Amino acid sequence: MNTAKLPMSKDVDMAVMYTAEACKTKSQKLVLSEINRNIIDEVLEIYELKASFAEQGVPMPNKILMYGPPGTGKTITAFYLAHMLGLPLILVRLDTIIGSYLGETAGNVRKIFDYAIQNPCVFFLDEFDAIARNRSGRRDVQEMSRVVNTLLQCLDEFQSESILLAATNLDEELDTAVWRRFDTKMKYDPPTDSERRIYTQKLFDNYEKNQLIDDIASVLASCSFAEMEQIFMKAKRKSILRKTDITLQHIEEAKEEYMGDRK
């Protein structure tokens, strides 16, 4: 396990580290589209053959950009990749990186990238748009330009045994130069009916009746994976309070309470 001390900003760690074993637990409910599953499988295969790629002078694809609506599986993909590669996941806390003083944010970006370059890991930047937004049309354009310029340099220099994953819900706001630095892009869409059913099966793995799974998946239609999990947890709490197994009624009540007017 990586034991190097995480960089700090104002006496607070800039990231949270998860072991590969912890990542295994957190990624058990991963459901990917066929396209994204193929991308991840190819990345894993490439890393198994990294010696062959090095011999032929072919660089490793170590920068992946994931984009799409919230709750569609971007974060769990990072946990899954770390587990499969046997590497710790470094989840960057962007609230600790962004500073109020001139040049502070750019300096923090440099520090956390230096850490990832020196310590093999899956380096995960969630809500990436916070430091990678388009430099034009902003009131804080000078400071933002400094941050993005530093980020571009760090991306260009990111040649190590680590792999960088960045995730955003606002891909249209990313600086175009930042976008071009990523050799792989993964688009995440709201789950399809079949993907939602698979995820429902993973959530309700103690149910054997296909019809009940179908009914639950139908109630959760239009929900993201993250919303489905929150509804499941609310339904589970209701079943515990009522001393019964989870029923369709629990799911319907939980969805009503959680989704409100956003059904």
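The structure is a predicted model.

**Largest pocket**

- The space in the largest pocket amounts to about 540 Å³.
- Helix 1 (20-26), helix 4 (74-85) and helix 12 are the elements that each contribute two or more residues to the lining of the largest pocket.
- Helix 4 supplies the largest share of that lining, namely four residues.
- Sorted by class, the lining of the largest pocket comprises eight nonpolar, eight polar and six charged residues.

**Helix 2 with helix 4**

- Helix 4 also packs against helix 2 (residues 34-48): the two axes come within 11 Å and cross at roughly 25°.
- Angles under 35 degrees count as roughly parallel, and helix 2 and helix 4 are therefore roughly parallel to each other.
- The crossing of this pair, helix 2 and helix 4, is right-handed.
- On the helix 2 side the contact is formed by Arg37, Ile40, Val43, Leu44 and Tyr47, which meet Thr77, Tyr80, Leu81, Met84 and Leu85 of helix 4.
- The residues of the contact of helix 2 with helix 4 fall into eight nonpolar, one polar and one charged.

**Helix 10 with helix 12**

- Helix 10 passes helix 12 with right-handed geometry.
- Glu195, Arg196, Tyr199, Thr200 and Leu203 of helix 10 are in contact with Phe225, Met228, Glu229 and Phe232 of helix 12.
- This contact of helix 10 with helix 12 contains five nonpolar, one polar and three charged residues.

**Helix 12 with helix 13**

- The crossing in which helix 12 passes helix 13 is right-handed.
- From helix 12, the residues Glu227, Gln230, Ile231, Lys234, Ala235, Lys238 and Ser239 take part, and they meet His250, Ile251, Glu253, Ala254, Lys255, Glu257, Tyr258 and Met259 in helix 13.
- By class, the contact of helix 12 with helix 13 consists of six nonpolar, three polar and six charged residues.

Technical notes:
Residues numbered from 1 in each chain as written. Predicted model: local features only at pLDDT ≥ 70, side-chain atom pairs only at ≥ 80, totals over all residues. Heavy atoms only, no water. Left-handed = near helix turned anticlockwise from the far one by under 90°. Contact = heavy atoms within 4.5 Å. Nonpolar A, V, L, I, M, F, W, Y, C, P; charged D, E, K, R; others polar. 1 Å grid on protein atoms, 1.4 Å probe; cavity = no way out; pocket = protein on both sides within 12 Å on 5 of 7 lines; lining within 4 Å. Points joined across faces, edges and corners; volume = space filled by probe spheres on them. Axes fitted to C-alpha atoms, helices over the stretch in contact; angles between N-to-C directions. Parallel < 35°, antiparallel > 145°, perpendicular 65-115°, else oblique.
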